[in-house]
2 protein chains.
Amino acid sequence: MALIVMKFGGTSVGSTERIRHVATLVQREVARGNRVIVNVSAMSGVTDSLITLVREVATPETPDAFADMDFVVATGEQVTAGLLALRLQELGQPARAFAGWQIPVLTTDAFTKARVEQIDTRNINAVLDKGHVAVVAGFQGITEDQRITTLGRGGSDTSAVALAAAFEADRCDIYTDVDGVYTADPRIVRTAKKLDRVSYEEMLELASQGSKVLQTRSVELAMNYNVKLQVLSTFEDKPGTLLVREEEIVEKHRVTGIAYSRDDARITITEVEDRPGVAAAIFGPLAESNINVDMIVQNVTPDGKATDMTFTVSKGDLPHAVKVLKENLKDVRYGGLHTDENVAKVSVVGVGMRSHAGVAQEMFSTLAGKGINLIVISTSEIKISVLIEESYLELALRALHTTYGLDAVVERG
Amino acid sequence: MALIVMKFGGTSVGSTERIRHVATLVQREVARGNRVIVNVSAMSGVTDSLITLVREVATPETPDAFADMDFVVATGEQVTAGLLALRLQELGQPARAFAGWQIPVLTTDAFTKARVEQIDTRNINAVLDKGHVAVVAGFQGITEDQRITTLGRGGSDTSAVALAAAFEADRCDIYTDVDGVYTADPRIVRTAKKLDRVSYEEMLELASQGSKVLQTRSVELAMNYNVKLQVLSTFEDKPGTLLVREEEIVEKHRVTGIAYSRDDARITITEVEDRPGVAAAIFGPLAESNINVDMIVQNVTPDGKATDMTFTVSKGDLPHAVKVLKENLKDVRYGGLHTDENVAKVSVVGVGMRSHAGVAQEMFSTLAGKGINLIVISTSEIKISVLIEESYLELALRALHTTYGLDAVVERG
């Protein structure tokens, strides 16, 4: 008898009609002879509405205020969990809803972005032992002193994986509005194929490079605890994509998938004096201001006395980053500070890169062949990312998809 | 340093703008040097919306289903409590929101209509000791095995009084959209006066006879635990009505107030055979069907062999009551079963009746003077109720108000 954790996101439970549909999927899993824990998000839009209410009365800044904000926001998942448990009972399937504190899911006290520390399995196991379904409000837990926490937005994937790890589930199925992980975004690359399997490491790179299918943290957690994770569609009855260890992937392609992000902005500081400590003077203050710097490239000028420094931050952080830099570069000689938001990042990802040479060269020549200029390049063991002008994004994605032999033989839809 | 419990109903916290206003009332109470526990309802409309969601997925009938329904519905008060605590903090007043389980408020396991059994004062006292305000989600508690319960609709008055009793509060202020208890409904009787004081016993009679200002159960609880209860307006800055023991009312009027209800329906069964056990045959099945019977009158017919039986049930129960009666009167000889929904009940209430004779006679002669027929009469120590034709209701209320000398000297508004 297998134990399955099923996770349904906001769109999957976006209305009572959809909750009724989800109940049938849960019933089907039970009918297969499995023990089932369901983890649900708030109905789509509900979390945003709750945050809007909070903003209308306060601008939370202290830990106490963040705690009361979590107290408000955690109700969204509680409502969905109760409704799904009610629906299952209506269909004759005994079920019980659990808030995070009733399990309990113990977390850190970093309100609004807490991390799961420990999950007690006893209360839920008592329910499963009776043949009932446990429906868990995702995204939430409690601190040691009994205050409600949330895991931060998107944390419900993470809480589903944490549940699967704690209960040593045989599989964790993440139901969503896409039917799996694709070689590229099928809205842009019509020939993109669904992947049957992808390794945790590849999924991590794809997720951090802009693929929205799974949260990075949930993939990390699945990898660390060896949770067999499946991404599949709530709305179509077909297999999804299974996340597995690298060694379980037999046929290793050079490139497994291509991700992109429009979320980056470029900052270039020209003719910075080239002396020790300058990089620290630039990136130290940004780090202190919690601004994440992604790609960095530094070119020495022909005379060797100065350097051009280019790097990317998220578009949302750009104004803050510029302010911080201007304040902190008073003692540093430099030419100018230029920014550009019309950029996009394209990343090719694949564990096959470890054993196949020339993947980067193929990428650069493909893009050069289309007249696309590379602004910044950064690489890891299984990923190559380039920053390009945003208007070339679709062209670049389609060209690379073809270069690496990812196009589906039969054209989709 | 006094401890005050402040309770705000759904209308008082019906929008974030109103929650901001409520926060200023709480601040004012703190500024007077008081320790403050605030008890809040769901924002108006929220509980109904949650119940609608429940009804869209299920028709709860089992205790487990009622438990999950409570799990859903209790979130309404949680949101308000969190928002008010956030607003107070925004104004610089430290505060913390509590769900029922965090206090905890221990209740029976009668889901959807639980009763408070015990309130632990330690967690809230720890917060009050720091000079913080405790904001409590009303209307809810937990069972011994940690499941969320609700006290049933209108239960938030009761949970506020229960809090005041458990904490031995110096006063429990029920903020509402009216500014106190009146001698009669001021929408009908323009000369109605606000009462500065009313005894628990009178308020109980007024509440059970249709005055919507306070729930009957909350008044009973306040009386039993000697909680000084004040009803006052959220929207106008003036004193309300204080509920006190009878001996604290110095000037005892014959009649303190006049209540009414349009919620009753009359049932008359004519020419019922007059033999032992007939009344039980009529009222037993109604009681078993959870139909509450209010006023009862029985007249023997002139020949003494049969009787006419008249009684009232709530309008909502009427169709069910008729069905039950017809099924159960098969073995009883009777003439006919007649119903009338065009009736209203008028009650005069006052502790002064205990010492003043003739109050009933004054009532009957006043109504007779206006040509109003009395269908049923029922009395208690401090109350006389009559059932009349509904179209005479306003006339009856105004006439009685004048008869008992309740008219305000200065005409209002």
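**View 1. Helix 4 of chain B and the glycine after it.** G92(B), with a positive phi near 90°, follows helix 4 of chain B. Helices here are DSSP runs of H or I with at least four residues, numbered from the N terminus. This is a predicted model, in which local features need pLDDT of at least 70, side-chain atom pairs count only at pLDDT 80 or more, and totals for chains, interfaces and linings use all residues. Residues are numbered from 1 along each chain as its sequence is written, while chains are lettered from A and ligands numbered from 1 in the order in which they are written.

**View 2. The axis relating chains A and B.** Chain A superposes on chain B (RMSD 0.2 Å) by a rotation of 179° with 0.2 Å of shift along its axis. That is the relation of a two-fold axis. The superposition is by least squares on C-alpha atoms of residues with pLDDT of at least 70 in both copies. In chain A, T75(A) comes closest to the rotation axis, at 2.8 Å (C-alpha).

**View 3. E201(A) and its contacts.** E201(A) sits in helix 7 (residues 200-208) of chain A and is buried, with 22 other C-beta atoms within 10 Å. Leaving aside neighbours within four places in sequence, E201(A) is in contact with E246(A), V351(A) and I382(A) (C-beta atoms, placed from the backbone, within 7 Å).

Note on methods:
Helices (H or I, at least four residues) and strands (E, at least two) are DSSP runs, numbered from the N terminus. A residue is buried if 20 or more other C-beta atoms lie within 10 Å of its own, exposed if 12 or fewer, and partly exposed in between; C-beta atoms are placed from the backbone. Two residues are in contact if their C-beta atoms, placed from the backbone, lie within 7 Å.
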